[in-house]
Amino acid sequence: MTAFSTTSAHGSVSQVTVVGAGNVGSTLAQRLLERNLANVVVVDIVEGRPQGVALDLSQAAGCEGHNRTIVGTNDYHDTANSDIVVITAGLPRRPGMTRDDLTQVNGKIVIDTLRQALAASPQASVVVVTNPLDVMTYLAWKASGLPPQRVMGMAGVLDSARFQTFIAWELGVPPSDVSAMVLGGHGDLMVPLPSYTTVNGIPVAELMPAPRLQALIDRTRNGGAEIVQLLKQGGAYYAPASSACVMVESMLLNQRRILPLAAHLTGQYGLSDLYLGVPCRLGQGGIEEILELSLTPEEQLALERSAASVKEQIPLALALLSS
């Protein structure tokens, strides 16, 4: 394993706070440590849970060959001076729970955890993983008072990775040969873009018939639900944690990668005042640039439908700020 030396803007070893010691949060902490990217602080309201996760991961350090540290805590003071805060805390959507219900429950969690984390690390950038993703990211931006470039949501990386995997399986090629792009909200109205999806530079539409490609698009849109159905209890966490890690890595190492993620739009793609999945250049300071792709009329319409679905939830989320 290659060991990277990551330092923060103030010259010390980089530190990442992971809010939530559930499956996504603990797996993300593992990814960050084993890639030797940063010291990690895991914070959770459940006493003993983050401490147990931290102790377990600490004892794996000798086997994994990294020299990073991890702390588990219930006190946000222990997260001070973090460079990045990743919010994974929140409840999954349960049977009988509407999107409005989930917005209200998780919105309160995001507001509370974010304010405490930023009080300890006011210079940090924020990555939101909590669902409903696009609305929670918008709420996090409003609650934080940070520039929108420093608040972003993890979804497009995950959705694109799922699309990439399904294409690789269909064609019998390594996933690394596939470059996929998915825009829009993190839900069943996401917008996979075959015209920007290639296999070693070859457009995917030239490698399989249209019905098969459409089937893979549909499976991508339902990628999370398929896992929930199989697991019976809980949802995906390995791929979401890896996707968040990719974003954190691009910022810590200032890789300036072009990644699809939930960003604040101010007229791009004809859309304004919402967070939505679009390709962005991601570096040390957060989102450096939002790239506008040339979309077909059908793709543009699908993106607008996805945006409309996200916007419907924003008033309910904003009401939580004054409650």
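Analyst: UniProt positions follow the numbering used here, feature names are shortened, and annotations may be inferred rather than shown by experiment. The model is predicted: local features need pLDDT of at least 70, side-chain atom pairs need pLDDT 80 or more, and totals for chains, interfaces and linings use all residues. Residues are numbered from 1 along each chain as its sequence is written, and side-chain values use heavy atoms, leaving out hydrogens and water.

User: Which residue does UniProt list for "active site"?

Analyst: The UniProt record, an unreviewed entry, gives His186. This residue is found in the loop between strand 8 (182-183) and strand 9 (191-192). Helices (H or I, at least four residues) and strands (E, at least two) are DSSP runs, numbered from the N terminus.

User: Why is His186 called partly exposed?

Analyst: Buried means under 20% relative accessible area, exposed means over 50%, and partly exposed lies in between (1.4 Å probe, protein chains only). His186 has 23%, so it is partly exposed.

User: What does His186 touch?

Analyst: Contact means heavy atoms within 4.5 Å. Not counting residues up to four places away in sequence, His186 touches Asn131, Leu133, Asp134, Ala155, Leu158, Asp159 and Arg162.

User: What marks the peptide bond between Asn131 and Pro132?

Analyst: Its omega is about -5 degrees, and the bond is cis. Most peptide bonds are trans. Pro132 lies in the loop between strand 5 and helix 5.

User: How is the protein chain divided into domains?

Analyst: Domain 1 covers 15-153 and domain 2 covers 156-320. These bounds come from an automatic or database domain assignment. The UniProt record, again unreviewed, places "domain: Lactate/malate dehydrogenase C-terminal" at residues 158-317. That span is 44% helix and 23% strand, and its end C-alpha atoms lie 24 Å apart.

User: How do you know how much area is buried between domain 1 and domain 2?

Analyst: Buried area is the accessible area (1.4 Å probe) that two parts lose on being put together, summed over both. For domain 1 and domain 2 the value is about 3300 Å², and carbon and sulfur atoms give 72% of it. In contacts, 37 residues of domain 1 meet 37 residues of domain 2. The C-alpha centres of the two domains are 21 Å apart.

User: Which element gives the most to the side of domain 1 that touches domain 2?

Analyst: Helix 5 does, with eight residues. Elements that each supply at least two residues to that side include helix 1 (23-34), helix 4 (99-120) and helix 5 (133-144).

User: What makes Glu249 and Arg35 a salt bridge?

Analyst: The rule asks for a side-chain nitrogen of Lys or Arg within 4 Å of a carboxyl oxygen of Asp or Glu. For Glu249 and Arg35 the closest N and O atoms are 3.2 Å apart, and the pair forms a salt bridge. Between domain 1 and domain 2 the count is one salt bridge.

User: Are Glu249 and Arg35 buried or partly exposed?

Analyst: Glu249 has a relative accessible area of 10%, so it is buried. Arg35 has 30% and is therefore partly exposed.

User: How many salt bridges does the rule count?

Analyst: The count comes to six. Among them, Glu226 and Arg219 meet at 2.9 Å, N to O. Glu226, at 27%, counts as partly exposed. Arg281 and Glu289 form another, with closest N and O atoms 3.5 Å apart.

User: What makes Arg256 and Asp273 stand out in phi?

Analyst: Most residues other than glycine have a negative phi. Arg256 is not a glycine, yet its phi is positive, about 55 degrees. Asp273 also has a positive phi, near 55 degrees. Arg256 lies in the loop between helix 9 and strand 12 (257-266), whereas Asp273 lies in strand 13 (residues 272-283).

User: Why is Ala38 called buried?

Analyst: Its relative accessibility is 0%, so Ala38 counts as buried. Ala38 sits in the loop between helix 1 and strand 2 (39-43).
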